[in-house]
Amino acid sequence: MSGCQRDYRPAIHFAPEANWINDPNGMVYINGTYHLFYQYYPHAPHWGPMHWGHAASEDLISWRHLPTALYPDELGYIFSGSCVYDRENVSGFGTKENPPLIAVFTSHAAQGGLEQQSIAYSTDYEHFEKYYGNPVIPNPGQKDFRDPKVFWNPVRKCYSLVLAAGDHVEFYASGNLKEWEKTGEFKPGAHGLSGICECPDCFPLQTEEGEKWVLFISMILPEDCVGQRGDVYDRVSHITQYYVGDFDGNSFRDTQQSELPLLVDFGTDNYAAVTFQNLEEKVMIGWADNWDYANVTPSGEGPCGFRGKMTLARRMALKRTASGWRLSFENCGLEAKRACSYPLSRGENRLSSQSFGLSVEAGESAMLTLRNASGEKLVISVTPEELVVDRTAAGRCDFSEAYAKECCGLTRVPRPAGGNSTMEIIMDKCVLEVLGDGGRIPVTVCVFPEHPYEVLCVDGEVEVRCFLLD
């Protein structure tokens with residue numbers, strides 16, 4: 001395959017104009033605009049010295065690229081972090097009439113890898129100045145010490161942040177975003193998965209029982225633990241889990257104590273998800289790739305190559321289940337496109353686009369198959385016991401042994417509630433997002449068909465409506 005013969009660039013999933021991106025960073029909502037910062041290497045379609053890229057949107061679907069926001073400096077590369085819209089100007093970097101935007105990020109030393117937390121500020125929300133007093137949280141002697149996520153602390157009436165510190169996360173508090181005091185720790189593993197923590201996030205959600213807190217932790221699993229369970233929970237080296245509990249102003253406490261890990265996504269390609277700051281509803285975006293093969297995916301081939309893309313924005317809610325409180329997800333920004341949906345028939349339906357959505361009402365047994373004349377096929381099926389996404393024959397897998405493994409290609413998610421299933425399925429060139437069982441079973445996977453899918457075959461007890469995305 002040469003040049004741009006096969007274009008994998010998605011229509012509505014954010015991707016760079018060229019070269020490499022990974023974790024979403026600094027997501028914030030200001031005056032009607034959603035800002036997305038992200039880990040960015042502007043010089044090649046593979047990981048390199050990290051910058052912060054920047055994009056903005058009014059609808060979470062159409063993004064405009066903005067100049068690179070942060071560049072490496074004498075303290076190192078610009079690793080992941082978050083932004084705060086400092087409304088009251090507690091930092092002193094702006095005014096109450098023109099509040100500053102504060103970026104809180106990890107400085108990762110190019111030599112030796114020392115990780116410390118630094119800040120930068122902006123009053124036009126595009127160009128940043130770094131604080132002369134960096135680092136604001138020096139490294140206490142920890143090898144892995146990164147990815148600060150700032151949030152409002154309603155107990156202390158100040159800002160707090162949670163950051164990854166090896167096998168646990170740590171909480172800090174500050175009244176001015178420049179001086180930080182450690183207040184607590186939380187270690188995953190007693191319930192859920194153990195490993196090296198990355199990209200945490202901590203936020204409240206309202207329920208009929210009152211406010212509950214959710215803690216996201218992206219995890220690097222120990223090599224000897226990958227695949228140990230033999231199921232969907234630990235088949236890849238990097239996975240994002242969550243906990244539901246309480247935040248007392250100092251630290252988080254897991255009150256649900258689930259026997260099974262609670263995953264933000266059951267697919268192979270959703271990592272480092274975090275939420276928007278300064279937005280009343282809780283909306284997350286993740287990196288729609290996987291460290292086991294992200295550096296070699298076919299989307300980086302040819303002069304139009306890029307590597308890395310984001311998931312769609314997902315609105316979150318906590319739903320009561322027989323097993324406890326669990327997250328439920330809904331795709332944002334698709335209302336107008338859903339309104340133009342049309343019904344599909346059972347059997348074969350000719351596809352007019354490679355970027356489309358499906359609204360699905362399935363009975364206890366249903367199957368949707370995307371296929372092309374080359375014999376490639378991507379299958380989504382539902383039974384009373386499980387939701388299955390099978391990409392084992394969906395397209396190219398020659399670029400990576402990890403991608404080609406059957407355990408990565410076949411996603412089988414238990415359906416504790418069984419019964420009928422409402423699903424929204426988004427297929428966008430090279431990324432598939434399934435929100436099954438009314439949003440309680442999210443599955444994100446990447447696929448790289450050598451030729452466009454031509455037919456969608458609808459089988460079983462199912463009604464399907466289609467809406468176009470491009």
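What radius of gyration does the protein have, and what would a compact globule with 470 residues have? The protein has 22 Å, which agrees with the value near 23 Å that a compact globule with 470 residues would have. The model is predicted, and the protein in it has 3 helices and 31 strands.

**Overall dimensions and surface**
- Taken along the principal axes, the box filled by the C-alpha atoms of the protein is roughly 65 × 50 × 45 Å.
- The accessible surface of the protein comes to about 17900 Å², and carbon and sulfur atoms hold 47% of that surface.
- Of the 470 residues in the protein, 61% are buried.
- Among contacts in the protein with a separation of 6 or more, 61% are between residues 24 or more positions apart.

**Nonpolar cores**
- The largest nonpolar core has 61 residues, and Phe171, Leu215 and Leu358 are those with the most contacts inside it.
- Strand E24, which spans residues 355-371, gives the most to this core, contributing 7 residues.

**The E13 and E14 hairpin**
- Strand E13, covering residues 196-207, is mostly covered, since 9 of its 12 residues are buried.
- Strand E14, covering residues 210-220, runs antiparallel to E13, and 10 bridges join the two strands.
- The two strands E13 and E14 form a hairpin, with 2 residues between them.

How values were computed
Residues numbered from 1 in each chain as written. Predicted model: local features only at pLDDT ≥ 70, side-chain atom pairs only at ≥ 80, totals over all residues. Heavy atoms only, no water. Core = buried A, V, L, I, M, F, W, Y, C linked by side-chain atoms within 4.5 Å. Buried < 20%, exposed > 50% of the residue type's maximum accessible area, 1.4 Å probe, protein only. Helix = DSSP H or I, 4+ residues; strand = E, 2+ residues; numbered from the N terminus. Pairing = 2+ DSSP bridges. Rg over C-alpha atoms; globule rule 2.2 N^0.38 Å. Contact = heavy atoms within 4.5 Å. Areas by Shrake-Rupley, 256 points an atom, 1.4 Å probe, with all protein chains shown as cover.
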